[in-house]
Amino acid sequence: MENSTPTEFPSSEGSPNVIAFCPNNNEVHIHRLVEEKWERIHILQKHDQIISGIDWSIRSNRIVTVSHDRNSYVWNQEGVDWVPILVILRLNRAALCVQWSPRENKFAVGSGAKTVCICYYEQENNWWVSKLIRKRHDSSVTSVAWHPNNILLATTSTDGKCRVFSTFIKGVDMRDSGTGSAGDSKFGEQIIQLDLSFCWSFGVKWSPSGNTLAYVGHNSMIYFVDEVGPAPSAQTVAFRDLPLRDVAHGLLQVLFVSERMVIGVGFDCNPMVFAAEERGLWTFLRFLGERKASSSSAKYGSQFSEAFGKLYGQSKQGINNDRGETSIPRPAIHENCINSIVPLKREGESTNTRFSTSGLDGKVVIWDLENQEDLSEFL
């Protein structure tokens with residue numbers, strides 16, 4: 001695989017046997033695992049420029065893609081083929097990120113036009129249209145994250161701000177008890193603006209309950225915000241290593257993670273584990289993909305995951321990636337920046353300890369936290 005940017009594992013059966021990824025061009029490749037080998041089964045071609053975001057809905061089995069060509073497509077599987085439907089975004093700059101809402105009746109697109117598009121399906125016209133959140137961001141929108149109530153949307157931007165908006169659309173959303181006060185707000189209303197970072201902001205995520213918001217800055221800091229609203233409480237965790245690009249605090253439609261654990265990925269080529277103590281104080285624990293130096297190392301000394309899964313393809317050194325150990329000691333599994341983290345869901349499970357990462361080294365790695373004894377208390 002070449003530089004794999006967006007990557008999706010839309011497995012509803014608990015085994016990641018299908019993967020969709022962009023090999024750093026204008027195509028989406030879909031591969032299936034057949035007898036321990038990945039075979040390409042589809043190539044989705046419609047965009048004119050590099051694809052910057054992919055999201056695959058679980059229940060409705062639809063793929064949404066966005067690209068630097070300012071367009072978005074929703075792909076529906078009809079028989080053996082994937083049929084694209086153009087989404088009217090009305091953008092004059094590149095689309096940068098995309099995510100389905102928890103109920104999969106909307107999706108949000110962040111763009112370089114300082115705009116967020118909330119897209120929904122119009123049954124009578126048989127197309128996807130968008131409503132725009134304008135004049136709220138001062139720079140490009142780098143990431144979007146849906147609250148579990150399907151109404152609130154968090155965004156980060158290169159203006160350094162993290163914002164939360166209402167996306168309530170009459171006729172699409174319901175004013176029920178599950179939405180709380182969010183159902184009373186108007187579309188595009190800004191609920192809160194967080195000014196914790198003084199540099200580019202990336203990778204915003206909600207906790208599974210929606211009570212905590214986490215996002216990262218380009219200054220090697222991660223921010224945790226509780227009680228998002230008029231009087232939020234915030235914590236900042238600084239680390240000496242390279243900045244993060246994304247955090248996995250529960251991609252709401254496919255992953256249930258403990259309220260006390262966050263996985264961050266970025267320029268250090270190694271997933272980073274952050275956890276909250278019983279008092280609610282967040283700290284950095286360790287890297288996930290390092291070897292354990294000796295038995296006398298600290299409690300949170302890191303080691304290779306016993307079941308980190310298969311690497312896609314062969315490494316540059318020609319090592320067989322099906323083996324759990326390699327003859328050449330290496331500090332990390334990834335050899336370049338990790339730019340995507342995707343949770344893997346097992347049907348019927350209340351928690352999920354598995355996720356995948358992909359990076360600019362062209363690798364896709366599956367991680368399993370189940371055998372990490374020092375992390376079990378936070379799961």
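In which order do the 4 strands of the open sheet come, and is the pairing parallel or antiparallel? The order is S13-S14-S15-S16, and the pairing is antiparallel. Before you start clicking: this is a predicted model, where local features need pLDDT of at least 70, side-chain atom pairs count only at pLDDT 80 or more, and totals for chains, interfaces and linings use all residues. Residues are numbered from 1 along each chain as its sequence is written, and side-chain values use heavy atoms, with hydrogens and water left out.

**Stop 1: the open sheet**

Select 141-146 and 190-194. These are S13 and S16, the edge strands, and each pairs on one side only. On average, neighbouring strands here are turned by 20° against each other, direction ignored; the axes are lines fitted to C-alpha atoms (for helices over the stretch in contact), with angles from 0 to 180 degrees between N-to-C directions. Strands, by the way, are DSSP runs of E with at least two residues, numbered from the N terminus, and two of them pair if DSSP finds at least two bridges between them.

**Stop 2: Asp-159**

Next, pick Asp-159, in the loop between S14 (152-157) and S15 (162-166). Is Asp-159 buried or exposed? With a relative accessibility of 17%, Asp-159 counts as buried, because buried means under 20% relative accessible area, exposed over 50% and partly exposed in between (1.4 Å probe, protein chains only).

Its side chain reaches the backbone nitrogen of Lys-161 at 2.9 Å. A polar contact, also listed at 2.9 Å, joins the side chains of Asp-159 and Arg-163. (A polar contact is a pair of N or O atoms within 3.5 Å; within protein, one must be able to donate a hydrogen and the other to accept it, and residues adjacent in sequence count only if both atoms are side-chain atoms.) Leave aside neighbours within four places in sequence, and Asp-159 is in contact (heavy atoms within 4.5 Å) with His-137, Asp-138 and Ser-139.

**Stop 3: strand S26**

Jump to 354-359. This is S26, and 6 of its 6 residues are buried, so the strand is largely enclosed by the rest of the structure. Arg-354, Ser-356 and Ser-358 point one way, while Phe-355, Thr-357 and Gly-359 point the other way. In a regular strand the side chains alternate between the two faces of the sheet.

Colour 338-343 next: that's S25, antiparallel to S26 and joined to it by 5 bridges. Ser-340 has Ser-358 as its bridge partner. Then colour S27 (364-368), which pairs with S26 in the antiparallel sense over 5 bridges, with Ser-356 partnered by Ile-366. S26 and S27 form a hairpin with 4 residues between them, and Gly-362 in the turn has a positive phi of about 80°.

**Stop 4: the rings**

A search of the whole structure finds 12 aromatic pairs. Show Trp-100 and Phe-107: this pair is edge-to-face, 5.1 Å centre to centre with 70° between the planes. Rings of Phe, Tyr and Trp (its six-membered ring) pair if their centres lie within 6.5 Å; planes under 30 degrees apart count as stacked, over 60 as edge-to-face and the rest as tilted. Both Trp-100 and Phe-107 are buried.

Last, select Lys-131 and Phe-187. The charged end of Lys-131 sits over the Phe-187 ring, 4.5 Å from its centre; the cut-offs are NZ of Lys or CZ of Arg within 6 Å of the ring centre and within 35 degrees of the ring normal.
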